[in-house]
Amino acid sequence: MALKNSENGVEISFETVEKEEDEVQMNLDHNAAPLQQLVDISDAFSSNEIFCSRDALIEWARNVGKRNGFVIVIKRSDKGDSRKARVTLACERGGTYRHAKNKSNVEDLNRKGTGTKKCDCPFKIIGVKLTSSDDWSVKVVCGFHNHRAAKQLEGHSYAGRLSDGEKTILSDMTKNLVKPRNILLSIKNHDEYNVSTMKTIYNARHKHRLLNSAGRSQMQQLMKQLNECKYVEWHRKDESNDCVRDLFWALPTSSQLLNAFCSVLIMDCTYKTNRYRLPLLEIVGVTSTNLTFSVAFVYLEAERVDNYTWAMEKLQSLMFADRLPNVIVTDRELALMNAVRLVFPTTTNLLCRWHISKNVLGNCKKLFERKDKWEADELKSHLFLVHFSV
């Protein structure tokens, strides 16, 4: 049998393919599977299309398999040293399970409640490279499956793998801080036959981070990113164990905004927002139009006067000598208030109205014996405090 390419006038012999067809037929006769258990999808894979590359042929076969509820894998690949290059594609359930080598008693190794998805499925197609170009053609050797099609492939370990193009999309969206669920939605919109899950996205993101870190620790990777992005960065470390104690960083544009609008600064710490449970001090400025902007961020070893004083000194180094803040707004963190008084002695330190309101409501709640009465008066109290603070 021969296949002729009309454009190049090249004939491809399928003598080897016909031999494999005979072998498959003999296996079918030997297994004698009931006809009602055989699923014939030969028509879906029968195509006269000429594919531009080996990868294009494999992608087409896998997509056709997904549409029909089957997973197609590469069984054998031949680069074509002594004959034409070819690739054999089969069902993932083809063949039989092979036990570990050098085991004398295999029955003793079998665990209870375990099994294999291999059922010696005979499905097989072959792709052959044309002689004069990188084009490929496909031939169906056996279009039968001896098992039912999967109702859905969502969560399948092999079918849910990301392609190279999808990995590129994931990498770009991860760099832009897109959430994993939105990454998955974008990939599924790009490929309607994609059956990846959220776990696939999380695993791919983790692998992407490992590749980018190139063996560096998380602190080394952070320092590298701050340096590459031209951040203003200071840190101090413990001389005994060479561990970073405090880390201060700010964008160059933030420094310019700070010197332009230095009258009012707002400072507050957030907690339990990172893996190491370090306090994160955020410093915010206010423009003349009542808009806020981030000035700097500081990871602190602890909420002590020494740590806050170091952070305030680094903040002061960003500012001009004649452009110090007039007002700094904080919560009632005594260590932070003492550090502000040491570094900025001429600056007025005000307490945040929102924190005052929360503390008043929290202390007033103790005076109510019943919860329903507290809930009835809570809204009135809150509105009164807001009106009073204004």
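Helices here are DSSP runs of H or I, at least four residues, and strands are runs of E, at least two, both numbered from the N terminus. This is a predicted model: local features need pLDDT of at least 70, side-chain atom pairs count only at pLDDT 80 or more, and totals for chains, interfaces and linings use all residues. Residues are numbered from 1 along each chain as its sequence is written, and side-chain values use heavy atoms, with hydrogens and water left out.

Salt bridges next. I mean a side-chain nitrogen of Lys or Arg within 4 Å of a carboxyl oxygen of Asp or Glu. The structure has ten.

Take helix α7, residues 218-228. K224 and E228 both sit in it, four residues apart, about one turn. Their side chains form a salt bridge at 2.5 Å, N to O. For accessibility, buried is under 20% relative accessible area, exposed over 50%, partly exposed in between, with a 1.4 Å probe and protein chains only. K224 is partly exposed at 27%, and E228 is partly exposed at 45%.

E301 and R245 meet in a salt bridge at 2.9 Å, N to O. They link distant parts of the chain, 56 residues apart: E301 is in the loop between β13 (292-299) and α9 (305-317), R245 in strand β10 (residues 243-250). Shared partners join R236, R245, D246, E301, R304 and D306 into one salt-bridge network.

Last, cysteines. A disulfide is a pair of cysteine sulfur atoms within 2.5 Å. The count is zero. For C142, the nearest cysteine sulfur, that of C121, is 7.5 Å away. C142 is buried at 4%.
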